[in-house]
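Subject: Handover of a structure and its analysis

Dear colleague,

Please find below the structure that I am handing over to you.

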Amino acid sequence: MNSSYLNFNDKHILVVGDVMLDRYWHGGTSRISPEAPVQVVKVSNIEDRPGGAANVALGLAKLGVKVTLIGVVGEDDNAKVLEHSLEASGVTCHFVRSASLPTITKLRVMSRHQQLIRLDFEEHEYSLTQNEAVANMVESVLPDADAVIFSDYNKGCLNDVQTLIKYANEANIPSFVDPKGEDFSIYQGATLVKPNFVEFETIVGQCESDSDVQQKGELLRQQFGWEALLVTRGEDGLVLFESSKSPFSLATSAKEVYDVTGAGDTVIAVLTAVFVTSKRFTDAVEYANQAAGFVVGKLGTAFITADQLAAIMYQRSHSTNFGVLPPSELLEQVKLAQMNGERVVFTNGCFDIIHPGHIAYMKQAKGLGDRLIVAVNTDASVKRLKGEKRPINDLVHRMSVLEGVGAIDWVTWFDEDTPKEIIEYLTPDVLVKGGDYTINTIVGADHVLAHGGEVKVLTFVDGYSTTAIIKKANL
């Protein structure tokens with residue numbers, strides 16, 4: 001995915017969930033009330049912001065996405081304030097209006113950037129009629145959507161979320177859930193569910209280590225039939241569990257944290273917008289991680305635009321590490337290159353004695369894409385394949401020579417007899433082998449093809465052979 005210009009303008013995302021109004025009363029405090037031992041706040045400014053699912057919708061609109069928001073509000077002035085604010089930002093509102101329920105409102109009294117008290121105005125007694133009205137709206141809007149986000153704050157709008165997920169699946173629309181509560185079975189069948197770490201441990205129990213997180217996360221994903229599970233872990237980054245793939249972890253991108261308000265809403269918004277564009281969860285997670293790092297570095301509820309997100313990713317892509325890298329570090333570089341629209345080419349071999357035929361082969365391979373990886377058999381692997389007298393040159397020597405070949409971007413290594421595991425780990429866009437192979441006989445070809453990649457067979461330049469060089473030197 002090319003981050004130089006992120007254009008979400010042709011995408012339509014439906015947001016369904018608990019909408020609310022976040023109201024702030026700002027003022028100074030200079031005295032104690034004579035009526036009670038409390039501070040007196042002289043209110044000088046009143047600020048209203050969309051909250052809950054409405055904040056997710058607003059974040060999508062800031063990215064340039066076409067957004068439709070469905071939720072339940074009261075027949076009151078706060079509903080009008082909320083709708084006016086959202087519509088002015090480009091969000092299309094389809095609200096179920098209730099005479100018996102107030103618009104959920106959270107009033108915060110602030111002084112010198114400190115919250116003194118919060119007052120919540122809400123009711124949880126949603127009727128069957130209101131839930132049916134939400135379901136009918138969702139069913140009617142879904143066919144025009146590229147994805148749907150269910151933003152659950154456990155206030156009642158998503159009491160029947162299982163039916164809504166069923167509607168999305170029947171319409172072949174991916175569904176993304178920001179969950180709440182102690183029962184995740186209600187989200188069964190969703191495309192991706194994104195709990196934070198506290199919510200995750202509430203479901204799976206306390207996790208003592210990273211391996212514990214990975215084991216319990218994959219079991220949870222399988223249990224409820226999700227294509228993917230994303231666990232956000234604050235300062236410990238996040239981890240993605242995806243069907244038929246190893247867990248994908250990222251460290252937090254935040255340099256400094258000033259305010260985590262709305263970070264979860266930013267993650268689910270950016271995650272969904274990028275996924276409907278690239279169709280890859282790892283792309284979506286990488287962008288969402290960068291967006292979250294951006295907004296937590298701002299005071300108050302912050303948003304990120306497509307241009308800001310593209311600028312962040314561009315900067316990262318131009319600080320890429322090239323040369324010899326272990327597989328674990330190379331994986332992040334490969335994902336970063338792919339997210340920036342670059343085709344990653346992979347080839348492998350022993351490369352015991354580098355000759356002109358190898359150089360010509362590397363140039364051909366590089367011509368098939370933008371970045372070239374060469375994976376080299378370790379000394380032990382070469383010995384098993386070629387015999388006790390091999391390799392002539394050790395692994396460090398061989399990789400150092402390859403690193404100096406201009407066509408090669410990255411050099412890494414593998415210890416197995418075949419490159420199957422490292423190919424499946426890195427998932428390149430193009431897999432290349434030289435010689436008289438057929439695609440059916442190339443190790444890793446099935447994996448690359450299954451992930452939308454290509455497999456190519458190149459012809460070696462005649463007259464060059466490592467074996468012949470060794471025989472001529474009587475080694």
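Helices (H or I, at least four residues) and strands (E, at least two) are DSSP runs, numbered from the N terminus. The protein has 16 helices and 19 strands. This is a predicted model, in which local features need pLDDT of at least 70 and side-chain atom pairs count only at pLDDT 80 or more, whereas totals for chains, interfaces and linings use all residues. Residues are numbered from 1 along each chain as its sequence is written, and side-chain values use heavy atoms, with hydrogens and water left out.

The C-alpha trace spans about 100 × 50 × 40 Å along its principal axes. Of the 475 residues, 52% count as buried (under 20% relative accessible area, with a 1.4 Å probe and protein chains only).

An open sheet is formed by nine strands in the order β5-β4-β1-β8-β9-β10-β11-β12-β13, with mixed pairing; two strands pair if DSSP finds at least two bridges between them. At the edges are β5 (91-98) and β13 (248-250), each of which pairs on one side only. Within this sheet, β1 (residues 12-17) and β4 (residues 66-74) are joined in the parallel sense over five bridges, and V15 has L69 in β4 as its bridge partner. Helix α6 (residues 210-223) lies across β11 (228-232), β12 (238-242) and β13, and runs at about 45° to β12 (axes are lines fitted to C-alpha atoms, for helices over the stretch in contact, meaning heavy atoms within 4.5 Å; angles run from 0 to 180 degrees between N-to-C directions).

Strand β15 runs parallel to β16 (residues 371-377), to which six bridges join it; F346 has I373 as its bridge partner in β16.

Finally, the structure holds one cavity of 30 Å³ or more (a set of points on a 1 Å grid over the protein atoms alone where a 1.4 Å probe fits but cannot get out; lining residues have an atom within 4 Å of a point). The largest cavity has a volume of about 70 Å³, taken as the space filled by probe spheres set on the points, which are joined across faces, edges and corners. Of its 11 lining residues, G59, T266, A269, F303 and I304 are the closest to its centre. The elements giving two or more residues to this lining are α1 (53-63) and α7 (263-278).

Yours sincerely

Terms used:
1 Å grid on protein atoms, 1.4 Å probe; cavity = no way out; pocket = protein on both sides within 12 Å on 5 of 7 lines; lining within 4 Å. Buried < 20%, exposed > 50% of the residue type's maximum accessible area, 1.4 Å probe, protein only.
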